[in-house]
Amino acid sequence: MIGLAANIAFIVLAVSLALCFYRLIIGPSLPDRVVAIDTITTVIIAMIAVYCMKESNAIFYDAILVLSILGFVGTVSMAKFLGKGGRIFGE
Amino acid sequence: MNSLIFRSIIKIVSPILMLFSVYLLLRGHQLPGGGFIAGLMTSAGLVLIYLAYGCERFDWRHRSRFFYFLFTSGLTISFLTGLAGLFWGGFFLKSGFAHVHMPLINEDWEFASAAVFDFGVYLVVCGVCVSLMTMLGEEE
């Protein structure tokens with residue numbers, strides 16, 4: 001039963017990943033693309049979580065943690081880059 | 001420009017990141033983890049501190065020599081580990097392990113020489129990421 005639910009979840013997540021890639025390609029402005037990349041990271045995290053539940057091993061949970069932290073760092077630095085007009089670091 | 005929410009979150013998150021990177025560094029022999037991802041986690045924590053606080057607590061731009069020292073010493077450690085394999089094992093980067101008796105917890109601890117190599121990789125990744133960040137943050 002959990003296998004069927006996981007397969008359905010994989011299909012839904014793959015569709016949302018395709019939609020995010022579509023936004024990443026056609027996105028008119030840079031903030032659209034940044035949000036698309038952040039959403040792609042979230043969808044991949046959800047895919048790893050569903051895979052871990054389906055196979056019932058806990059070995060990839062650390063990968064979820066690492067991926068979420070790196071996505072957070074990337075999004076924050078892109079937000080600062082966009083907010084300050086081209087300067088990530090500094091005052 | 002930096003918001004109070006971001007600074008308060010970084011105060012909580014970055015020590016957890018450092019602890020998590022040590023965990024990843026130590027478990028990386030049999031399980032997912034290792035030097036590269038541990039160095040990446042440490043440098044993510046340092047980048048977050050730099051993004052939140054800038055140079056007001058710690059002058060990153062004038063301490064870049066320390067991070068150069070960090071990654072050159074990491075390269076040296078990894079290379080010397082390879083040379084030790086050449087000496088005792090017969091070929092370059094041959095790894096070995098030993099069981100070390102720990103006095104306090106009274107258990108045998110399996111020490112692999114690949115852990116030293118991983119520590120060198122950790123220093124290289126950490127130093128390269130932080131010095132890259134300080135180079136990007138330099139003013140003209």
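**Figure 1. Helix α1 of chain B in a predicted model.** Helix α1 of chain B takes in the 24 residues 4–27, which at 1.5 Å a residue should span 34 Å, and the 35 Å between its end C-alpha atoms agrees with this; the expected span is 1.5 Å times one less than the number of residues, and helices (H or I, at least four residues) and strands (E, at least two) are DSSP runs numbered from the N terminus. The model is predicted, so local features need pLDDT of at least 70 and side-chain atom pairs count only at pLDDT 80 or more, while totals for chains, interfaces and linings use all residues. Residues are numbered from 1 along each chain as its sequence is written, chains are lettered from A and ligands numbered from 1 in the order in which they are written, and side-chain values use heavy atoms, with hydrogens and water left out. α1(B) bends by about 30° at I10(B), the bend being the angle between axes fitted to the seven residues ending there and the seven starting there. Among the buried residues of α1(B) are F6(B), I10(B), S14(B), L17(B) and R27(B), where buried means under 20% relative accessible area, exposed over 50% and partly exposed in between (1.4 Å probe, protein chains only).

**Figure 2. The salt bridge between D62(A) and R27(B).** D62(A) forms a salt bridge with R27(B), their closest N and O atoms being 2.6 Å apart; D62(A) lies in helix α3 (residues 61–83) of chain A and R27(B) in helix α1 of chain B, so the pair joins two chains. A salt bridge is a side-chain nitrogen of Lys or Arg within 4 Å of a carboxyl oxygen of Asp or Glu, and by this rule the count over all chains comes to one. D62(A) is buried, with a relative accessible area of 14%, and R27(B) is buried too, with 15%.

**Figure 3. F92(B) and a nonpolar surface patch.** F92(B) is placed in the loop between α3 (64–88) and β1 (97–102) of chain B, and is partly exposed, with a relative accessible area of 41%. Together with F79(B), L80(B), L83(B), L86(B) and L93(B), F92(B) forms a nonpolar patch on the surface, with about 550 Å² of accessible area in total (Shrake-Rupley method, 1.4 Å probe; for residues, only the protein chains shown count as cover). Such patches are made of residues with over 30% relative accessible area and no salt bridge, like charges being joined within 9 Å and nonpolar side chains (Val, Leu, Ile, Met, Phe, Trp, Tyr) within 5 Å.

**Figure 4. P28(A) in a loop of chain A.** P28(A) lies between α1 (2–26) and α2 (30–55) of chain A and is exposed, with a relative accessible area of 66%.
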